[in-house]
Amino acid sequence: MNGDGQSDDPVVPANLPNKAAPAAAEAGEERGSTKGNTASKTRPGHSAGPGAPNALDRVRQVAVRDKEARFTALLHHVDLDRLRAGYWAINPKAAAGVDRVTWLAYGQDLEGNLLGLHGRLHAGRYRAKPSRRVYIPKADGRLRPLGIAALEDKVVQRAVVEVLNAIYEVDFRGFSYGFRPGHSPHDALDALAVGISRKRVNWVLDADIRDFFGQLDRAWLRKFLEHRIADSRVLRLIDKWLAAGVVENGTWSQSEKGSAQGASASPLLANVYLHYVLDLWVDWWRHRHGRGDVIVVRWADDFIVGFEHEGDARRFVAELRERFAKFGLELHPEKTRLIEFGRYAAANRAARGLGKPETFDFLGFTHICARTESGRFWLKRITIKKRMRAKLR
């Protein structure tokens, strides 16, 4: 093991923390273990057939029982029932990709189309199409690039994600909330409120990863996926989606890194990447180096870390920058802030002749240190003003 608690083998970037007990790690956020999620049956979607959940339950049971297990036969779970469920899960009004095939048009001969797709998929003749790039306005006025996948790519990606969730929902930490079955933004906000209100949090790291989806390193992602997936057909599918490129204004282009934001598989791939780069490391760090309470709540590439001690917080930020650099990521220098925040922040700052504690934004809300009429600490949340303005526009 090296100083990061990692194996010296670069293919296993976070071996030590992967053996940490989830219950101990998640207790700090007062949301409980992920056991309740992993014990539930995978939602098969519309017309998924009676055998689908049972088959994935067996995958899940192996994943629970053996944290080192690598799964060699996963693609056969992507059957007609699961492809059909993937189709029905798509928003009928969703924009079409480069193929210009709409949900309604594909559904005119749904069974025939799915039979053809299933045959190509399992014969190795399926080819991923490039994404159609569009831009949507962000709350700050800038534009966010999105990749709109072709309809069949959406169907296959949803089906494959459903299968992979049976494995990764066992592995993911309880403080990871973004785009996971049974996890909502409200769950993440509640966990953050409980952590700040009940734990000894005096400092908050409001972290922002610079261009996460654009900077994600595909070589590292492949290594992370191979910890659990040994089915070369599934790995090749993911490679095809990442390498398909984008079409913008009729021109095709390809990048050597990143994952198209907006693709059905991107949230899961992002969670896998940050599970190994951030989540396991945070778990290891707070038990190895934290002198006081440390809480964390992550929603995709947005995360908040709370600390009892300023020294812990500053050391964590410095070591997190080094950690990210190893995997091609960077904390945004202008959007990442360490602020004094928590139950005692106002009193501590007043004693030093400073003003009110700063606020921070997370999941559409500005978080404020406030007091109830009886004088008790209250974590006040208000809708972010710039988002409200953008919504009104």
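**Figure 1. Overview of the predicted protein.** The protein contains 15 helices and 11 strands; helices (H or I, at least four residues) and strands (E, at least two) are DSSP runs numbered from the N terminus. Of its 393 residues, 48% count as buried, where buried means under 20% relative accessible area, exposed over 50% and partly exposed in between (1.4 Å probe, protein chains only). Among contacts with a separation of 6 or more, 71% join residues 24 or more positions apart; contact means heavy atoms within 4.5 Å. The protein exposes about 18500 Å², and carbon and sulfur atoms supply 51% of this area, with accessible areas taken from the Shrake-Rupley method with a 1.4 Å probe. Residues are numbered from 1 along each chain as its sequence is written, and side-chain values use heavy atoms, with hydrogens and water left out. Local features need pLDDT of at least 70 and side-chain atom pairs count only at pLDDT 80 or more, whereas totals for chains, interfaces and linings use all residues.

**Figure 2. Packing of helix α10 (residues 218-226) with helix α11 (residues 232-243).** The two axes lie 11 Å apart at an angle of about 160°; axes are lines fitted to C-alpha atoms, for helices over the stretch in contact, and angles run from 0 to 180 degrees between N-to-C directions. Helices α10 and α11 are therefore roughly antiparallel (under 35 degrees counts as roughly parallel, over 145 as roughly antiparallel, 65 to 115 as roughly perpendicular and the rest as oblique). On the α10 side, the contact is made by Arg218, Leu221, Arg222, Leu225 and Glu226, and on the α11 side by Leu235, Ile238, Asp239, Leu242 and Ala243. By class, this contact of α10 with α11 has 6 nonpolar, no polar and 4 charged residues; Ala, Val, Leu, Ile, Met, Phe, Trp, Tyr, Cys and Pro count as nonpolar, Asp, Glu, Lys and Arg as charged, and the others, Gly among them, as polar.

**Figure 3. Packing of helix α4 (residues 80-88) with helix α6 (residues 110-123).** The axes come within 10 Å and cross at roughly 120°, and α4 and α6 are therefore oblique to each other. Helix α4 contributes Leu80, Leu83, Arg84, Tyr87 and Trp88 to the contact, and helix α6 contributes Leu110, Glu111, Leu114, Leu115, Leu117 and His118. The residues of this contact of α4 with α6 divide into 8 nonpolar, 1 polar and 2 charged.

Figure 4. Leu268 is buried, with a relative accessible area of 7%. Leaving aside neighbours within four places in sequence, Leu268 is in contact with Val161, Leu164, Asn165, Tyr168 and Phe172. Glu162 and Leu268 are 106 residues apart in sequence, and their C-alpha atoms are 9.8 Å apart in space.
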